[in-house]
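Colleague: I have not seen this one before. Can you walk me through it?

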Amino acid sequence: MSDTSGNWASDPTLPGAANITADHDGWHTLERTLEYDGPFAKVYHELVVTPTRPEGISWTVVRRKNAVVVAAKTVDDRWLLIRQERIAIRQAIWEFPAGQIEMEAGDFTGLQQQSVWRELREETGYAAGPDTTLTPLGVFFPSAGFTDEHSYLFLADQLVPHADGAQHDEAESIVECRSFTPDEFRQMIASAEIRDANTLAAFARLVTMGLI
């Protein structure tokens, strides 16, 4: 499927308020052809004008929904991590809970927060307690060389176990969820036991913002 109208002010899969990767300031999509349409990603061949390439450049782009990543901390000051099987790398690795934002119409901040609480419940079996606060840590691009995927980072603290436990998504393979002391968590980062980009990005933000 090809469209040469050049009308790419926003990605049609995202509400305008959520789309920070739309054409702007010298960036203009001349052509976009859908090569693959899957349940979790779309692959396009695109011809794009950039500020330094007025003639345009061809690129293959994987487009995905926005996501949230949750640095999850319990009431007893322990970090929650899940260990999940990742097919692409043939390994199960430790990660902060994360998931795509379901892009219904509505306030984008509210949709982010709904996604945070959903992923925490599904993947860890924890929920907000009476003293829980949710702190935004900003956005990051996990692999900007080929995908527009971007994740919104949050710190959720003072979490408590949900009465009904976890509700794992059938599409995911979560092997276990465990809590770690701050020292254990730092050692896992330092020793490269944690290799997940989402978790490393959240850790970097937590450190530079003085939250860990």
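**Aromatic pairs and pockets**

Modeller: This is a predicted model. The count of aromatic pairs in it comes to five.

Colleague: How is the pair of Trp79 and Phe185 arranged?

Modeller: Trp79 and Phe185 are tilted, with 5.6 Å centre to centre and 35° between the planes. Trp79 belongs to strand β6 and Phe185 to helix α2, so the pair ties together parts 106 residues apart in sequence.

Colleague: Are those two buried or exposed?

Modeller: Trp79 and Phe185 are both buried.

Colleague: What about Phe96 and Phe185?

Modeller: Their ring centres are 5.4 Å apart and the planes are at 50°, so this pair is tilted. Phe96 sits in the loop between β7 and β8, and Phe96 is buried.

Colleague: Which residues form the aromatic cluster?

Modeller: Trp79, Phe96, Phe185 and Phe203 form one cluster.

Colleague: Changing topic. What volume does the largest pocket have?

Modeller: About 1200 Å³. It is lined by 36 residues, and the closest to its centre are Arg64, Arg86, Gln100, Glu149 and Glu172.

Colleague: How does that lining split by class?

Modeller: The largest pocket's lining has 15 nonpolar, seven polar and 14 charged residues.

Colleague: And the second largest pocket, what is its volume?

Modeller: The second largest pocket has about 580 Å³. Its lining has 20 residues, with Thr21, Trp27, Val61, Arg63 and Ala144 nearest the centre.

Colleague: Which element gives the most to that lining?

Modeller: β4, with four residues. By class, the lining of the second largest pocket has 10 nonpolar, six polar and four charged residues.

How values were computed
Residues are numbered from 1 along each chain as its sequence is written. This is a predicted model: local features need pLDDT of at least 70, side-chain atom pairs count only at pLDDT 80 or more; totals for chains, interfaces and linings use all residues. Side-chain values use heavy atoms; hydrogens and water are left out. On a 1 Å grid over the protein atoms alone, a cavity is a set of points where a 1.4 Å probe fits but cannot get out, and a pocket is an open set with protein on both sides within 12 Å along at least five of seven lines; lining residues have an atom within 4 Å of a point. Grid points are joined across faces, edges and corners, and a volume is the space filled by probe spheres set on the points. Ala, Val, Leu, Ile, Met, Phe, Trp, Tyr, Cys and Pro count as nonpolar, Asp, Glu, Lys and Arg as charged, and the others, Gly among them, as polar. Helices (H or I, at least four residues) and strands (E, at least two) are DSSP runs, numbered from the N terminus. Rings of Phe, Tyr and Trp (its six-membered ring) pair if their centres lie within 6.5 Å; planes under 30 degrees apart count as stacked, over 60 as edge-to-face and the rest as tilted. Buried means under 20% relative accessible area, exposed over 50%, partly exposed in between (1.4 Å probe, protein chains only).
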